Amino acid sequence: MSRVETDLVVLGGGPGGYVAAIRAAQLGVDCVLVEAGDLGGVCLNEGCVPSKALIHDSVEVAGDSTLGLLDDARRGERFAASLTHREKVIRQLRTGVGALLQANRVRVVSGTGSFRTPGELDVVGGSATGVSFRRAIVATGSQAVIPEPLVADGRFVVTAREVLGLSSLPSKVHVVGAGYIGLELASALTGFGVDVTVVEATDRMLVGVDADVTRHLRRRLTAAGIDVRLETVVASAGEGRICLRDANGTSEHATDLVVVAAGRTPRSAGLGLETIGLGCTASGHIDVDEQLRTAVANVFAVGDVTPGPALAHRAMSQGRVAAEVIAGHSVRFQPAAIPAIVFTTPEVAVVGLRLDEALDRGLDAEQFRFPLTANARALTTGTDGFGLIVHERSSGLVLGVHLIGDGVGELLSTATLAIEMGAVVEDLAGTIFPHPTLSEMFGELADGALGRAIHTLPN
């Protein structure tokens, strides 16, 4: 083994890292990517991708169960088959990432990297002892937070990673955390017939999402059999038992599995940042400017290790920008809004400002709500839910869109594009959306915002 020399080293092979490496190589920058684990990072291998495959499979199983086609034994068989499905998808995508890196002449160095100097990286346990470089991008992502008093043992107290690797169904599960990861896992496991309880320390699910949306989601989750316990904390957990504490005191419950989904924290420790004079925030994040530059001139950072929502698509976008800046392009990461989808049943899809956020910023804003019970496509598929559009009263500028319903995640790009392009409600109202589709909701929302709603009764 020997030290490798390169113009750019990318530390981390997740969505932000591998996209940055490929884009830099496309622009003629000699690039080395250092990754200790599997290419694709948490998102591809143990997060976004396998969780969505599990959710897809659970919806099919839930549908068959409703029709009376599945008994408990068949559910178990389908759950085991789902693992095979997930592994196949992961393998195909991981192989694809490797092929893309190779095709773009990005050299991949396996091992754990840490900074020795602002121009040298030590690599442990891999195919090289280190990397000498001119510029670096830190893209090391994030990891699960394990709140006290829980201790993840990978067997009884587990994270999403272990859940997504299960080959057999537990009977009863407690999910700690009512953020998007916890609720997605709860929804998927319930689809397979698992008895699920969600425990959340705060007084609401999905902090940051419109309150009307979360109330509707909680009703749907409860109807599906999920026991959502807000303002409740874990007092202790031991083999087969969990103790919960709320305003009424402490209670003990039997459980097969405790799934910790209480948020994520940046992977910034152990990188040797202090040796190059690069500090982190109190939360462990690395501050960056609009070109993803850090306080150290030749070091950039992208993805979950930087402040902001821990989303793969945000990391990818940042990776492209960082690579282009390094290649000499005058670009900035300045999105008008970053979309987010919660793949529960039903889905939640949000982009832009809530009404209260807009008002807090001093904007003269209002919102209009359109129910999916007035949408023909939703009625034919049995989908309920609604959409909200937040807009500026005087200009009509679209400020935010919030959707809940089966399949609404696929609609969110339209709303995101509208906000990014600076669209006003008249633009949406003047657009012809195909009938019968859920996308017609955008036209209905715009018409309602303009005071000329067609398919909803006047107030």
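Start by selecting helix H1, residues 15-26: H1 lies across S2, strand S3 (31-35) and S8, running at about 165° to S3. Helices (H or I, at least four residues) and strands (E, at least two) are DSSP runs numbered from the N terminus. The angle is taken between N-to-C directions, on a scale from 0 to 180 degrees, with axes fitted to C-alpha atoms, for helices over the stretch in contact, where contact means heavy atoms within 4.5 Å.

Keep in mind that this is a predicted model: local features need pLDDT of at least 70, side-chain atom pairs count only at pLDDT 80 or more, and totals for chains, interfaces and linings use all residues. Residues are numbered from 1 along each chain as its sequence is written, and side-chain values use heavy atoms, leaving out hydrogens and water.

Now colour the sheet. Its 5 strands run S4-S3-S2-S8-S19, open and parallel; strands pair if DSSP finds at least two bridges between them. S4 (107-110) and S19 (299-301) each have a single partner strand, so one side of each lacks a neighbour in the sheet. Zoom in on S2 (residues 8-11) and S8 (residues 135-138), joined by 4 bridges, and you'll find Val 10 opposite Ile 137.

Next, show Phe 115 and Phe 133. Their ring centres are 6.0 Å apart and their planes at 70°, so this is an edge-to-face pair (centres within 6.5 Å, planes over 60 degrees apart). Both are buried, meaning under 20% relative accessible area with a 1.4 Å probe, protein chains only.

Last stop: Arg 369, over the face of Phe 386 at 3.6 Å from the ring centre (cut-offs: CZ of Arg within 6 Å of the centre and within 35 degrees of the ring normal).

Terms used. Phe/Tyr/Trp six-rings, centres within 6.5 Å; stacked < 30°, edge-to-face > 60°. Buried < 20%, exposed > 50% of the residue type's maximum accessible area, 1.4 Å probe, protein only.
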